[in-house]
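Morning, everyone. I want to walk you through a ligand site and the pockets in one protein. Please have the structure open.

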Amino acid sequence: MSLNFHLIRHPVVQHKLTLMRQKGTSVTEFRALAREVAMLMSYEVTRNLPLTRKKIMTPMESMSAPVLKGEKMVLVPILRAGMGLLDGMLSIFPSARVAHIGIYRDHRTLEPVEYYFKASKTLKGRDLILMDPMLATGNSAVAATDRLKGAKPRSIRFMCLVAAPEGVRCFQRHHPDIPVYAAALDRKLNSHGYILPGLGDAGDRIFGTI
Ligand code: URA
């Protein structure tokens, strides 16, 4: 995979992802694990956010201390499964703004259809983290990134739990400048666009709509 694909190999992330993959994992457990994995991944995903310095007073003396540079970041879950990663990210970035993008896959063509978009007017110049647990065909992630690039953000990062090689290739063909962070790169897609071995339908498992 290319330089802009980052596999997060941390053993705790890997362990928790295995629990998520297992068929017998309950909705309650799956949801909690999604939150925990998102929290753990957030450190890698935001590793190169720019810092600036700010003069502060400690109880001892003044110092110039590092703080994140720029406007509040914007978390962008792709509805609906992306919502499963939102809580974990918000617990690390509690003041982040949230933009929602609703894209569903037409089950026949597997093409993305946008049905909802709600973001603050001020995405310009901000750091955006686009989130979807599964990078399958890549079509939804590409469509969402097309949309977000139009708002002229400072940066976009794409974060998922499980990626298929087909999805990574598709995404990187369209958006080679956008880094992709994943906890696993799986074998392939099946004929219905599901990832193998994967973890099934992430939205169904998060929301209990099985
Ligand atoms: N979406 C899912 O939820 N699971 C897959 O395997 C592929 C797309």
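Predicted model: local features only at pLDDT ≥ 70, side-chain atom pairs only at ≥ 80, totals over all residues.

A polar backbone atom of Ile195 sits 2.7 Å from an oxygen atom of the ligand. Ala202 also places a polar backbone atom 2.7 Å from a ligand oxygen. At Gly200, a backbone N or O atom is 2.8 Å from a nitrogen atom of the ligand. How much of the ligand does the protein bury? Alone, the ligand exposes 240 Å², and the protein buries 90% of that.

The ligand takes up the space of the largest pocket. Its volume is about 560 Å³. The lining has 25 residues, and closest to the centre are Ala81, Ile103, Arg105, Asp132 and Asp201. Strands E4 (74-79), E6 (100-105) and E9 (134-135) each supply at least two lining residues, and so do helices H4 (139-149) and H6 (202-207). The lining divides into 13 nonpolar, 8 polar and 4 charged residues.

Last, the second largest pocket. This one holds about 210 Å³ of space. It is lined by 15 residues. Nearest its centre are Leu68, Gly70, Glu71, Lys72 and Met73. Its lining has 8 nonpolar, 2 polar and 5 charged residues.

That's the tour. Over to you.

How values were computed. Residues numbered from 1 in each chain as written. Heavy atoms only, no water. Polar contact = N/O pair within 3.5 Å; in protein donor to acceptor, adjacent residues only side chain to side chain. Areas by Shrake-Rupley, 256 points an atom, 1.4 Å probe, with all protein chains shown as cover. 1 Å grid on protein atoms, 1.4 Å probe; cavity = no way out; pocket = protein on both sides within 12 Å on 5 of 7 lines; lining within 4 Å. Sits in = over half its atoms within 2 Å of the grid points. Points joined across faces, edges and corners; volume = space filled by probe spheres on them. Helix = DSSP H or I, 4+ residues; strand = E, 2+ residues; numbered from the N terminus. Nonpolar A, V, L, I, M, F, W, Y, C, P; charged D, E, K, R; others polar.
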